[in-house]
Amino acid sequence: MADPYFLQSLSLSGFRAYLRPKTFNFRDKRCLAIFGPNGSGKSSIIDALEFILSKDGTLERLGQRAINNQAGPVALAHNLAQEEKITPHVSISVISGKEVMTGDRAADGARRLIPSVASTINTCFVVPCIIRGYALRNFVETHTPEQRYADIAGWLQLAPLADVQKNLRSLRSQIKTALEDVTALRRVDSIIAQETAQEVTSWDSAAVLAHANTHVLAPLDPTLALKALTVCDPAYVELETRTEAEESEIGLAGLRQIRRAAASLWSETLDAHSAEKVVRGAIPDFDSIQCAVAVAERREIEERNKAAGTMFQALWKAAESIYAEGSVEQDACPLCATPIADTVAGSAEGIHDHVTKHLGELADYARAKKQLDDARMAATRAHMHLEASLLNLIGLLGDAHAELKSKLVAYQTRIADWPNTPAPTSVEIAASISKVLSNLDNAISRIEAKQGDHTFLKAKAKIDRLLALEMERSQAFRVRGELEALSETLATMTVTISSKIRGKVQLLLDTLQIPMNDIYRKIQGKGAKPIRLELPGEDDTNQQRINLVVDFAVNRGGVQPGGYLSDSQIHSVALALRLAAIRRFNTRAPVIALDDIVTSYDADHRRNIVALLATEFGNYQIIITTHDERFFNYLKDQLEAKAWHFTRIVGQDPASGPRFADHRITDEMIEARWLDGLSAANEMRQAEEEWLLNICRDFGVSVRIRPLERAYSYERSELASALAGFLKDAKLEPSLVSGVNNRFLTSLVTGAIENFGSHFQDAPYGGGSVGDEKARWEEFKTFRNQFACKRCGRTRFQRPLMLKKPVCSNGGCEAQFQFSALEVI
Amino acid sequence: MESDSDERETPDTFLNALGESLTGYDCIDMDLAVILTTHILKAAPAANAVAEARDAILRLATERAELPRGESVDG
């Protein structure tokens, strides 16, 4: 077995209440007990431990930071840390065997990475090692059984098992939801409504079958009817046969297509207004444009002849301006210098008229030429359109129209040669097309009269869609059926798995339940009713709960502790469970941090808890903080001094942090209180107790009058009584101190049992003035001084077993104890 | 301090053993057992483990629904 991990030191700087660096050293004494009033900073030590071990670098009680709430990690740093330029951080040193590991963690900023040493020791903490008093009651009273289960499952490393159960529940729920999902069936209903034109709005096999027979098959053949919507039905087989036959023929759609193609070449219709026959199509269009081209050619030739001198166009243009009306009159030709009078025109006006005439002829020619060009362009377009239309129709024609096809091919060949050869005449081909159109119209009319738009092909396609819908619906039902079966199997398997997990959890709970009750009885006494950790019944679907119950009475069995147990009992239950779990599972790091766990306990129970720590957790490293001074004193009295360091927070220094004092109350501390104008009643009582315990230890006083079950439990009155008895047996008689009635001193002398006050019950000192306290303190010091060595004046003694009286523990003295003379006060 | 002689079974070990024991049953639905073992019976399951298991079960139901009738299935 590997050496366990122990803390060696814990240092805080700028963290929580500690502004200046403070180191708690555990090298010499591994355990630490700190007393401090509320708000003095004692919990900051536990906070430091929680912080450095936390995964997220924060404290559970700080909550999550939100906008403007200053919660979360912000509260880790001392409020003056930034101002004092102190980097908030926590350091830790851990030892295992001889190996020492250290780590440091920043307590501000976003990167508060966990040091590796903390990660290492965290793996040893199966159960959280920190127990906070305020959280104990929550566990018993506030937590739901589900939260308690999650907590315990977490402590026992059963969180993955809890997750498995949670995931199984979630899975079952989701499968149930999937079973209730009707999306697939709704889709089928939606489509069937479309397919039947809303005649069938939700699937009804009989209605769908009736629709198919009535609206799909009957128009084609009233004798054709499906008995069932299946491909095996004889009517469906017949439908397939007829569809194949129909596909080998030209159907209505094919005929219509051929007709459209033929009509695009040539068709003759009656004009609705004039009742005259109108011929349309690519062929007449081409013929027509051919005529237009011929006309344009003839006209162009005519106009060209008229404008024979087109070559003189530039001359006419130039001459026009020279001989225009209003221009400077010319006597001779500007080119040949022939006198104007000698020209054929004979005058400038004559020349002007001649030029005007020729320019007009040129314009007429230009128009004729453009018309010819336009006609030829139109002819080219008409030719292209004709070729395309011919190609389309030829492609559609089958054997049934072989004659027309042959003619069209011949016509097409000749058309293709245009314009190199003259366009063929269209009379014959137009007649052939006309004849075919007539035949097609007859065939189409015949088919339309017989079955309308219905075809076997369409009918089969429709029936096939209905069949596909039926299959889709059947598939949805089959999937649902399979899912139902799987859901049932899943439920069975879930029960099996849950049962095994339940068994595992109960086994672990049992390992805790017995030690938990042992500890609980040690705190609350033998009469404490045992507490049971109970899982829900086997048949309960929610197994992720733990009930904490107590058999309070015969007629109050298995009741919730919150309603029957006292505050301290409830605390004890939770504390006992946590301690039992720590002892059971944290074997690799036996460290416990207890933060103010005795808020609601009476004196007996405080002593019991101390005794429990001493007897059951003697090998553990324990850090305790408490604001309960009596509890602190019990710790000092009963825990081993060699393992424990006791200290107290005596004040808060704003410039540094909590101010610590040694656990011994000194005379100076008491006088400092008076100087501050404060009562020192508690410090006096503490100092008296410390002296009493020390002198009892030094004198070897037997105090074994306490019950065995509270082996380390001391009452100071017991000590006083025992000391008085010892002194009487040893014939050592202290002198009484004159002055006010001093019950404490009297008890020492007489051995009377006295109950002293405490920090929360000030009597008998609390009611006095500072003056009374000073007088009281002087009486005590006078009495105490009697216990100084008469020879050397030292105050530490020892009593070997064979001696009846103690001797001075000073090695050079060893004088037998005798009371010194009482000083006069 | 108690001895650590009785080494505790880790959740991972326990869940692995649990998964194996499930597939060991004669009457168990093997396909479903595999789905649970793959997705759910894990000490550190995927974030969407439940959704993945659900989808796997739905796929299994669909596959089984598509099998020709009469063909046997596990379980």
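This is a predicted model: local features need pLDDT of at least 70, side-chain atom pairs count only at pLDDT 80 or more; totals for chains, interfaces and linings use all residues.
Figure 1. Of the 825 residues in chain A, 35% are buried. The chain contains 23 helices and 16 strands. Among contacts in chain A with a separation of 6 or more, 65% join residues 24 or more positions apart.

**Figure 2. Close-up of the largest nonpolar core, which has 122 residues.** The members that touch the most other members are A:Ala48, A:Ala576, A:Ile592, A:Leu635 and B:Leu36. Helix H15 of chain A, spanning residues 456–524, supplies the largest share of this core, with 16 residues. A second, separate core comprises 30 residues, including A:Ile258, A:Leu265, A:Ala282 and A:Tyr411.

**Figure 3. Surroundings of A:Ala576, a member of the largest nonpolar core.** When neighbours within four places in sequence are left aside, A:Ala576 is in contact with A:Met516, A:Ile519, A:Tyr520 and A:Ile523.

**Figure 4. The side of chain A that touches chain B.** Contacts link 32 residues of chain A with 28 residues of chain B. On the chain A side, the elements that give two or more residues are helix H5 (159–179), H15 and helix H16 (567–585). H15(A) gives the most, with 12 residues. Classified by residue type, this side of chain A has 17 nonpolar, 8 polar and 7 charged residues.

**Figure 5. Packing of H15(A) against helix H3 of chain B, residues 49–66.** The axes of the two helices lie 8 Å apart, and the packing angle is about 125 degrees. At this angle, H15(A) and H3(B) are therefore oblique to each other. Their crossing is right-handed. From H15(A), the residues A:Gln475, A:Arg478, A:Val479, A:Glu482, A:Leu483 and A:Leu486 take part, and they meet B:Ile57, B:Leu60, B:Ala61, B:Thr62, B:Arg64 and B:Ala65 of H3(B). The contact of H15(A) with H3(B) has 7 nonpolar, 2 polar and 3 charged residues.

**Figure 6. Packing of helices H12 (residues 348–396) and H13 (residues 402–417) within chain A.** The two axes come within 10 Å and cross at roughly 155 degrees. H12(A) and H13(A) are therefore roughly antiparallel to each other, as the angle is over 145 degrees. H12(A) passes H13(A) in a left-handed crossing. On H12(A), A:Leu386, A:Glu387, A:Leu390, A:Leu393 and A:Ile394 form one side of the contact. The H13(A) residues that they meet are A:Lys405, A:Leu408, A:Val409, A:Tyr411, A:Gln412, A:Ile415 and A:Ala416. By class, the contact of H12(A) with H13(A) has 9 nonpolar, 1 polar and 2 charged residues. A:Tyr411, one of the H13(A) residues in this contact, is also included in the second core of 30 residues.

Figure 7. Apart from neighbours within four places in sequence, A:Val94 is in contact with A:Tyr5, A:Leu7, A:Gln8, A:Met101, A:Val117 and A:Ile121. A:Val94 and A:Ser9 are 85 residues apart in sequence, whereas their C-alpha atoms are 7.2 Å apart in space.

How values were computed
Residues are numbered from 1 along each chain as its sequence is written. Chains are lettered from A and ligands numbered from 1 in the order in which they are written. A nonpolar core is a set of buried Ala, Val, Leu, Ile, Met, Phe, Trp, Tyr and Cys residues joined through C-beta atoms within 7 Å. A residue is buried if 20 or more other C-beta atoms lie within 10 Å of its own, exposed if 12 or fewer, and partly exposed in between; C-beta atoms are placed from the backbone. Helices (H or I, at least four residues) and strands (E, at least two) are DSSP runs, numbered from the N terminus. Two residues are in contact if their C-beta atoms, placed from the backbone, lie within 7 Å. Ala, Val, Leu, Ile, Met, Phe, Trp, Tyr, Cys and Pro count as nonpolar, Asp, Glu, Lys and Arg as charged, and the others, Gly among them, as polar. Axes are lines fitted to C-alpha atoms, for helices over the stretch in contact, and angles run from 0 to 180 degrees between N-to-C directions. Angles under 35 degrees count as roughly parallel, over 145 as roughly antiparallel, 65 to 115 as roughly perpendicular and the rest as oblique. A crossing is left-handed if the near helix is turned anticlockwise from the far one by less than a right angle, and right-handed if clockwise.
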